Structure formats: C-alpha cells, structure tokens
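Hello,

The structure we talked about is below, followed by notes on what was found in it.

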Amino acid sequence: MLGAEANVHLGAGFSLFGQAGGGLMVGDTRLSYQELDNNGLNLIAAVEQQGQSRVVPMTEVAAGINWSGPLGNNTRLDASFGYSLENWFNAMDIIRFSDSTGSGVINQETGDLSSGGLFFGLGVQMDF
C-alpha cells in the first residue's frame, strides 16, 4: 500500500482533507461452482479451481471534513465525516452460461469489486 493525504486548515479546529492510495494484493484463489437442475438430480455445470495465483491491484480515494479540539491536558478529540470509494481490479470470478440451448456451456471472466459510501470517524489523540 502506498498513499498520500492533504489537509487544508479552515480555522476553529476544522479542516478539509483528501486521501488517495493504491496497492497490490497477492495470493491464491479458489473457485467452486455448481449448477443443478430437476431438484438437484442433474448436474448442468461444475467448475472447481484451486491454487490459482493472482495479483489484484486496488485504489482508494476519500474526501471530507475534520474537526479537532482539546479534551484535556495532552488529549485531543478528532471527528471526521466524508465519502470514501475503493476499487479492487479483477478481484471477482464471474461464471456465466454462454448458450441457453447447450447445457454446461459456460464462460469464466474476472470483474472488479467496488464499494463506496459515507463514513464517520471519531478518535482520541494522547501525547505522552
């Protein structure tokens, strides 16, 4: 993982922030898929893969507003609110039937996994 963060101080403890990062995840995958018909009596398709190595690149960005204020001696309270978005490239295996007339005819593809949404963070910072 490698990332960067920028802050623009607005005064009265408030600041705007932006974060961006990226990284690589390396590991082995396992895929198990079965399609059955006639209440589980007929096997239409079965795919079983183990130990396939994969490198999955990922990116993340976030932006929002932060407030920081004193709680006591050497202690501060931090509150953040913003929006975050992540994307994992080629992280999912997708199995699709390629022909509705032929049983067991499938295509295997990879797809991205994305997530995003609002977040709220609360933290306490203590200096010793």
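Helices (H or I, at least four residues) and strands (E, at least two) are taken as DSSP runs and numbered from the N terminus. On that basis the protein has five strands and zero helices, and from the N terminus on the order of elements is β-β-β-β-β.

This is a predicted model: local features need pLDDT of at least 70, side-chain atom pairs count only at pLDDT 80 or more, and totals for chains, interfaces and linings use all residues. Residues are numbered from 1 along each chain as its sequence is written, and side-chain values use heavy atoms, with hydrogens and water left out.

Overall shape: the C-alpha trace spans about 70 × 30 × 25 Å along its principal axes. The radius of gyration is 23 Å, whereas a compact globule of 128 residues would have one near 14 Å; the value is taken over C-alpha atoms, and the globule rule is 2.2 Å times the number of residues to the power 0.38.

Burial: 19% of the 128 residues are buried (under 20% relative accessible area; exposed is over 50%, partly exposed in between; 1.4 Å probe, protein chains only). Phe14, which lies in strand E2, counts as partly exposed because its relative accessibility is 38%.

Contacts: of those between residues at least 6 apart in sequence, 57% join residues at least 24 apart (contact means heavy atoms within 4.5 Å).

Surface: the protein exposes about 9,000 Å², and carbon and sulfur atoms supply 55% of that (Shrake-Rupley method, 1.4 Å probe; for residues, only the protein chains shown count as cover).

Regards
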